[in-house]
Amino acid sequence: MEYKVEAHRIMSISLGKIYNSRVQRGGIKLHKNLLVSLVLRSARQVYLSDYYAGVCLNAQHIEAKEWELMDADREKLIPASERHVGAEDGRASRLQEKDGDSLDPSDVAVTSPVSPAISETQCGSSDCETDADAAVTEGDSRQPPKDHACSHRKRSAEETGVSETPVKRTKVTPNAIVANNEIEEGEEMDTSNVSNLITIFGSGFSGLLSKDSAKSESETDDSDSGSGQICCEQMLKNLNPWTTAIVAF
Amino acid sequence: MDEELDSRKVNNSFLRDHNYATEADIISTVEFNSTGELLATGDKGGRVVVFQREQESKNQPHRRGEYNVYSTFQSHEPEFDYLKSLEIEEKINKIRWLPQQNAAYFLLSTNDKTVKLWKISERDKRPEGYNLKDEDGRVRDPSTITALRVPVLRPMDLMVEATPRRVFSNAHTYHINSISVNSDYETYMSTDDLRINLWNLEITNRSFNIVDIKPANMEELTEVITAAEFHPNHCNTFVYSSSKGSLRLCDMRAAALCDNHSKFFEEPEDPNNRSFFSEIISSISDVKFSHSGRYLMTRDYLTVKVWDLNMESKPLETYQVHDYLRSKMCSLYENDCIFDKFECVWNGTDSVLMTGSYNNFFRMFDRNTKRDVTLEASRENSKPRAILKPRKVCMGGKRRKDEISVDSLDFSKKILHTAWHPSENIIAVAATNNLYIFQDKVN
């Protein structure tokens with residue numbers, strides 16, 4: 001799938017740019033980083049829409065419907081599902097070692113159950129899944145869909161299960177718009193490439209999540225905040241030390 | 001439009017004849033003063049070079065006033081912000097002239113963080129005959145002084161000196177991208193990514209914040225301010241452009257904080273042209289009021305648009321600068337060219353627009369005849385005094401003679417900064433570290 005390859009390539013390039021901007025003379029350029037993060041998000045949306053479409057074709061529509069139902073259920077749940085926590089802790093501790101900013105273990109534990117829900121409710125609206133229904137059937141030929149991005153991301157998060165990593169943050173990038181999800185989904189797809197990038201980054205990025213929720217709230221017509229919003233807020237509280245660093249910039 | 005090429009290859013680089021450019025010599029801004037007598041350029045090394053047009057002489061009527069170097073000074077130095085461990089670049093982002101009120105000239109120059117007001121004045125007399133010190137400045141032994149004399153002013157070689165008269169600092173957290181002098185000639189504004197501050201030219205320790213788009217939570221950031229300018233005639237009106245491709249016109253009489261705009265200009269996005277890079281190419285890199293104040297011109301990556309202040313829904317005119325690049329977006333993203341911030345300028349009568357492109361090409365659009373032309377600023381392809389030949393880029397397929405194919409364009413040779421004389425057809429084009437000045441053909 002050409003889209004997938006290109007989208008992944010663009011994502012890698014974008015991450016590289018964000019990384020390079022940290023060492024650039026004159027400090028981080030807010031405007032350029034904002035634009036790069038927008039491209040990164042578009043690429044991710046396409047990448048995921050592609051990915052899901054590919055999986056769906058294999059799994060057949062019936063199974064896809066089942067997924068949607070399960071998602072609907074999970075959507076309503078309070079963030080933390082046993083299955084995800086188990087998978088994540090291993091990941092979380094691995095990340096913690098890599099993370100130069102050395103997250104507090106308790107922070108990690110707290111965020112890990114939160115993050116799958118965060119990624120599920122990325123757009124802060126649980127009705128994304130209903131959109132996902134349409135998205136699935138439309139296949140991968142669509143242009144990067146803004147409204148449906150969240151559902152796709154959510155879906156892939158559900159499917160893979162293993163890949164949820166605690167939110168990574170960076171102190172450096174002020175707009176800090178790149179989501180850990182972008183990195184984690186990249187990892188699902190092509191671990192070698194993207195995990196290198198993660199190692200390079202060292203410290204993490206703070207979530208795209210709230211920006212997404214802000215953006216998608218403006219874009220999606222009916223957004224059912226519900227549990228999604230609560231997750232976002234919880235997430236934001238945990239991000240406090242990092243957001244102050246970002247704001248300081 | 002026929003142009004006579006007066007290829008003033010002003011190269012600040014020490015190694016004048018060599019082809020490579022030291023990065024510090026890259027010109028980062030070009031600006032004529034309000035009469036067109038002076039032309040200022042700023043470069044990446046923090047220097048400002050001012051050119052003055054020589055008086056037209058009767059002996060050589062065909063050489064209509066050429067521009068010669070008038071003054072050179074170091075405006076900004078690299079600094080280090082110890083608190084954030086960041087280096088502050090000395091690159092001059094913008095120069096704006098103040099209207100002339102006496103014999104001296106004043107200009108504002110800015111880097112990422114600090115705006116400075118410079119006074120450029122001439123000195124052609126020197127006092128001589130001091131009592132307490134001799135001509136070299138050495139202090140004389142008082143016991144050797146036997147007579148008293150009054151120092152007199154004697155003519156000397158003309159010296160042009162630049163002195164910093166005001167330094168406006170510590171008002172911007174983010175990088176300053178624009179400055180604009182108000183038509184009241186008392187205030188000016190400086191704009192960074194998220195805020196616009198209003199200054200009084202006399203007062204350096206205080207500025208007023210008039211626009212602030214910083215969200216409470218930085219993670220919710222979706223757009224930044226990319227440029228701002230005061231209306232040429234109404235001192236209460238200004239416009240600022242955003243990275244989302246919108247313009248906001250604000251009236252300072254409405255409120256102290258102009259976060260609420262009076263007018264909002266935005267063209268709805270064409271869904272057919274949607275791509276990964278749609279947001280980047282819609283980001284406005286420059287906005288300029290027409291001299292009349294009736295129109296606005298904006299430059300985004302691929303187009304120049306003219307807006308009527310009375311119509312907010314869509315631009316009046318749209319001109320394609322280099323649409324052949326639309327298929328090359330991914331490569332341009334990779335090599336960072338897609339982030340290039342091109343400027344645009346009006347001519348004196350607001351009938352022609354000019355903007356730069358790649359391969360040292362620059363484009364002019366005639367609003368009345370709807371004709372456009374692509375010209376090249378290069379030493380190799382044009383001799384001094386020669387008329388510039390229009391260039392053409394071919395998209396693909398059969399390439400005609402003298403045409404250049406898209407793939408052979410040199411993207412390292414970009415013309416970002418151009419300026420047009422306020423009343424005559426003289427243009428200044430900055431191509432990396434070279435400044436080209438073109439004049440209308442004289443018959």
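**A:Lys17 and the fold of chain B**

In this predicted model, A:Lys17 is buried, with a relative accessible area of 11% (buried means under 20%, with a 1.4 Å probe and protein chains only). The residue lies in helix α1 of chain A, which covers residues 2-23, helices being DSSP runs of H or I with at least four residues and strands runs of E with at least two. The side chain of A:Lys17 makes a polar contact with the side chain of B:Asp336 at 2.5 Å and reaches the backbone oxygen of B:Glu334 at 3.1 Å, a polar contact being a pair of N or O atoms within 3.5 Å of which, within protein, one must be able to donate a hydrogen and the other to accept it, while residues adjacent in sequence count only if both atoms are side-chain atoms. With residues up to four places away in sequence not counted, A:Lys17 touches A:Val36, B:Tyr333, B:Glu334, B:Asp336 and B:Phe339 (heavy atoms within 4.5 Å).

Chain B has 2 helices and 32 strands, and its C-alpha trace spans about 90 × 55 × 40 Å along the principal axes. Of its 443 residues, 53% are buried, and among its contacts with a separation of 6 or more, 53% are between residues 24 or more positions apart.

Residues are numbered from 1 along each chain as its sequence is written, and chains are lettered from A and ligands numbered from 1 in the order in which they are written. Local features need pLDDT of at least 70 and side-chain atom pairs count only at pLDDT 80 or more, whereas totals for chains, interfaces and linings use all residues, and side-chain values use heavy atoms, with hydrogens and water left out.

Technical notes: Buried means under 20% relative accessible area, exposed over 50%, partly exposed in between (1.4 Å probe, protein chains only).
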